[in-house]
Amino acid sequence: MRRSRAPSQKFPLVPKEDIEKGVRVIRSPSEILKLIDTCDSTTIKNVSGIVQSDNQTINNCVEPLKPPQNITKNILKSVQHKRIIKPSLHVPENKDQHEIKENVVQSSNTSGNKKYNVTWGKQTKKKHKTWEGDGYLIVSEKFAALYDLDDHKLGTTSDLKSLDLEDGSIIVVGNKQVQVLDLVNEFDTATIEKPTVISCPGPPRKRPKILVDDNSPEALIMPKPDIDHQSFFNKKQEEITPVVLEPFLAKHLRPHQKTGVIFLYECVSGFKAQEYFGAILADEMGLGKTLQTICLVWMLLKRGPYGGIPLAKRVLIVAPSSLVGNWENEFTRWLGRDRLRLFSVDQKKKPSEFARLPARSYPVMITSYEMLVRYIEEIEKIHFDLMVCDEGHRLKNNSTNTSLALRKIECKRRILLTGTPIQNELAEFYALIDFVNPGILGTYTMFKREFEDKIVESQQPECHPLIISLGKQKASDLNEVTEKFILRRTQDVNNKYLPSKYESVVFCAMAPIQCRLYEETVSYWENRVQEFGLSTISHFSVITMLKKACNHPELLLNNYNNNDTTEETLSQHLNRTIVLKHSLIESSGKLIVVDNLLKELHKNSSEKTVLISYYTQTLDIFVKLCDMKHYKYLRLDGSTATAQRTDIVKKFNDSNSDYSVLLLSAKAGGVGLNLVGASNLILYDSDWNPASDQQAMARIWRDGQKKNVHIYRLLTSGTIEEKIFQRQISKTGLSEAITNPDNQNNTKLSFDQLKDLFNFQKDALCSTHDLLECKCGGKGLVLSDNSTFECDDKKSEAPLRVNELMKWEHHSSPFNKGVLEAMNLFGVSKTIRFLFRNKAN
C-alpha cells in the first residue's frame, strides 16, 4: 500500500511497528485522546479540533455503530486483529482539518473511474461460452478490476488499451473471461477497496443508472408517465428516468415501426389502463412485428421509468415450431450474439435448465407451442415479466390445450402478434382479447349478448336499416374499448419501401376427367341425401372431396388409408366408375397452368418460385412434376423436423443455391416464414379461413425483398373453390367491421349463395365477377368514379359488395396477348377463363 508521507514524525498517533509494516491505521476518537497525553503540545494543537468535531458527530448518530453486513472476509480478519479501523465520520471542512486529513487518509480521485455490469467465467475458445456468474468491472485510469456480486475481487489487468468495453464485448481480466453488459455512471472505487467498518446513517445511496444518449437524433424516446401513473406505480418516489431505445436499433425502424414500439411500451407499462397490461399487434404480414417486439424486449430488460429499474428480467416467447429458428435468427440479426443470450427449448434443453440459469445471463426463453404444452408444469413455475405469443390467432379457442396451458402462466404483461385479429367468428376475437387483458370484455355470455349477436345480424343482406344502424353502433362501441390495446396497420404503410407486387386471381377450366369426377361426386351426394336423408352423410367430407377433385384426380382415385368413412366410401365408388388414363399434367387444369408457369420462369435461372398447397397429397403431385421436368426443389411440410426447417429456408433464400422451387405446406409453413429469396408464389388451393390464405401469400412480399414479385392464386371456375373465395370475402368484411368500423367497403354475400355449395356451373367463366354486377365487359379497364360503366355497388339488391376487387383489372377470355405474356401465361390461354389482376407500387 502506497503512503503519501513515510516519516513517523508526521504520524505521531501511529505505532512505529505499524509504520514499518506499511499499515495505515486510523484510531477512533477515544483511542486518540488516550494517546494524546504521550504527544507534544504541537501535535495536540493540530488534532484537538478534529477530535472535538468527531465526538460531536458520534453523539449525533441515532443508531449504535456496527460493522456492515457485506464486509469482506479479509477486512473482517483485519478488524479482528485491530489493524484497520476506519470510522466514516462527518468532518467539517476547514483549512487545518483538511491538512491533517491528507496526512491521515490517502485521498482518492475517482472522477475517471467507471463501472460496468458484466458476466464472467473461465477462459475458453468455444463459440458458445458458459458463464459462471454476474459481477461488475471497475475501470480507472491505470487498471481494471473485476468483482463478483459479493464484492470479492476476481482479477485485475493494467492492459487497458486492449480492452473493448462496448456492450456485448468479451475481454480477459486476470484469468477470467468477461462479457460487458452495460455501463453505469461514474463510481467511487473507494467504496469497494476501502469498506467502512463504522458508519452513521446517511441518505440512501442512489442506484447506478445506465448511460443512454437520449439526445441522439437516432434514439427513440418513450413517453414519460403522467401524474396518475406515477401516483399508482411509483410509491417509493423513485427518480423519473428516461426510457430510450438506443440508436443502434432505432435507426433501423421505419415510422410505423417506431409507432408500434411506443404503442407496445405504453400498453405493457400500464400507460393505457392501470389494471391492464396486454396488447395485440395485428399488423398485416410483412410490416416487421418481430423487429418491433425485439426492440421492446431489449428496452424492458435494460430500463424502466422509475429509478431506471428494468421492467422485465425474464421474457417468454412462444411461436409455431417452424418459427422458433426464425426468432433466434432475428434476435441475432438485430442484437448480435453477445448483447443478449437466448435459451431455446427443444428435446435436449428443457425449461428446468433455464430456471437454474441466472436471469441476467439468459433473460429470454423461446419455445414452440408444442413444447409449451409438453413442459407446462416446468414453465409455470418460472416467473416471467413478459410473454409474447407469435401467430396469436392460434389462441382463438379457449378450450384447446395450448390456450389452457398459456393461461396457467402467471404473467400480467402479454402480447399477441397476429396478422388478422378476427378470422372466422367474433367469438374468436373475444378469446384473443380476453387472453391479453382478462375480464375487460366481461364474460363471453355478456359479450355475445351485447356485441356479437347484434353485429352479425347487421351483416346479413336485406336486414332492416335499424338493425344495420344498431350493428354499426355496437361495432363502434367494441372498437372504442379495444382500440387502446389493438394496433393494426395495413400493407399500405410499407408499400413505398418494397418493390412492385403483381397479384392475380386466375380462374382455370377443368380437365375432362376432373369434370366427370366432380359431377359424379355431386350426383353421389344428391342420391345419398334423397335416399337416406341429410344426416346419413358427412357434407364436409363431400366438400373436401370436391376440393381435391379441383386439384388433381389422383387425390380422389388414390385416396387410400383414409380414416373418414364418407371419403373412403366415395373414393371406392369413384374408382369403380372412372378410370384415370390421362397423363399427370393433362389431368388437371390448374396443374397445366403451373407447368407452364414453371417452364417460363426457369428460362431465367435467377427466378425462384414458392408452390403452396393445403394437402400433402398435392405436394406429392408437385414432386412428380419437378422430377419429370428436372427442377431442383426443397419441400417443407408437417413431417419436416423443426430443426431442419430453418436450414431449408436458409438454403432456399441463398441466391447462390440452385434450388429453384420450394414445395410448401400452407399449414406447416404458411405463417411467419421469410421467403424473400423467391420472387414468384403460386397458391394452388384455398382455405375457408381468409387469414390462412393471406398469411401464405405474404411469404415473399416483405422486408428484404429486392425484386418485383408475382403472386398467382389459382381457382377452378364454377366450383366449390369459387364459393370458398366468395365466403372469404364475407369473413374479411366482418374483420374490417370491428378493427375499422369507419370502413365502408364491407363485403356482403347473401345467405342463399353461401349455402349453394354443391352447385356446379360447368360452363361459367367466373361466377364471382357475375355477382359483382360489373359492366366492364372483362376488357381489363379499371373504372373510375365518373365512368359510365361504373359498377353500381350501392344498389340494395346487389348481393356482393367488394370495392377492393372493383379496383383491379378484370380480364375475360379471349385475352389480350400482351397481358398473358406479361404474366407468363400465354401458353395456357385456352385453360384460363378469367383474371383479376392488380399492381401494388
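This is a short tour of the structure above, stop by stop, with something to select at each one.

**Before you start**

You are looking at a predicted model, in which local features need pLDDT of at least 70 and side-chain atom pairs count only at pLDDT 80 or more, while totals for chains, interfaces and linings use all residues. Residues are numbered from 1 along each chain as its sequence is written, and side-chain values use heavy atoms, with hydrogens and water left out.

**Stop 1: the whole protein**

Show everything as a cartoon. The protein has 33 helices and 25 strands; helices (H or I, at least four residues) and strands (E, at least two) are DSSP runs, numbered from the N terminus.

Of the 841 residues, 53% are buried. Here buried means under 20% relative accessible area, exposed means over 50%, and partly exposed lies in between (1.4 Å probe, protein chains only).

**Stop 2**

Select residues 133-139, which form strand 3; 7 of its 7 residues are buried. Turn on the side chains. In a regular strand the side chains alternate between the two faces of the sheet. You can follow this here: G133, G135, L137 and V139 point one way from strand 3, and D134, Y136 and I138 point the other way.

Strands 2 and 3 run antiparallel and are joined by 7 bridges; two strands pair if DSSP finds at least two bridges between them. To see one of these bridges, select W120 and its partner in strand 3, G133.

G135 stands opposite D148 of strand 4, and a hairpin of 4 residues links strand 3 to strand 4.

**Stop 3: salt bridges**

How many salt bridges does the structure hold? There are 23, where a salt bridge is a side-chain nitrogen of Lys or Arg within 4 Å of a carboxyl oxygen of Asp or Glu.

Start with K448 and D453, whose side chains meet at 3.0 Å, N to O. K448 is partly exposed at 33% relative accessibility, and D453 is partly exposed at 36%.

Move on to E554 and K624, a salt bridge of 3.1 Å, N to O. E554 lies in helix 22 (residues 554-557) and K624 in helix 25 (residues 616-629), so this pair ties together parts that are 70 residues apart in sequence. E554 is buried at 18% relative accessibility, whereas K624 is partly exposed at 41%.

Stay with helix 25 and select K629 together with D595. Their closest N and O atoms are 3.9 Å apart. Because K629 lies in helix 25 and D595 in helix 24 (residues 589-601), the pair ties together parts 34 residues apart in sequence. K629 is partly exposed, with a relative accessible area of 34%, while D595 is buried, at 14%.

Finish this stop with R449, E450 and K474, which salt bridges with shared partners join into one network.

**Stop 4: cysteines**

Which count of disulfides does the model give? The count is 0, a disulfide being a pair of cysteine sulfur atoms within 2.5 Å.

**Stop 5: backbone exceptions**

Most residues other than glycine have a negative phi, and most peptide bonds are trans. The last selections depart from that pattern.

- H630 has a positive phi, near 65°. H630 sits in the loop between helix 25 and strand 20 (633-636) and is exposed, with a relative accessible area of 72%.
- N824 has a positive phi too, near 60°. Look for N824 in the loop between helix 33 and strand 25 (832-840); at 22% relative accessibility, N824 is partly exposed.
- The peptide bond from S813 to P814 is cis, with omega near 0°. P814 belongs to the loop between strand 24 (809-812) and helix 33 (817-822).
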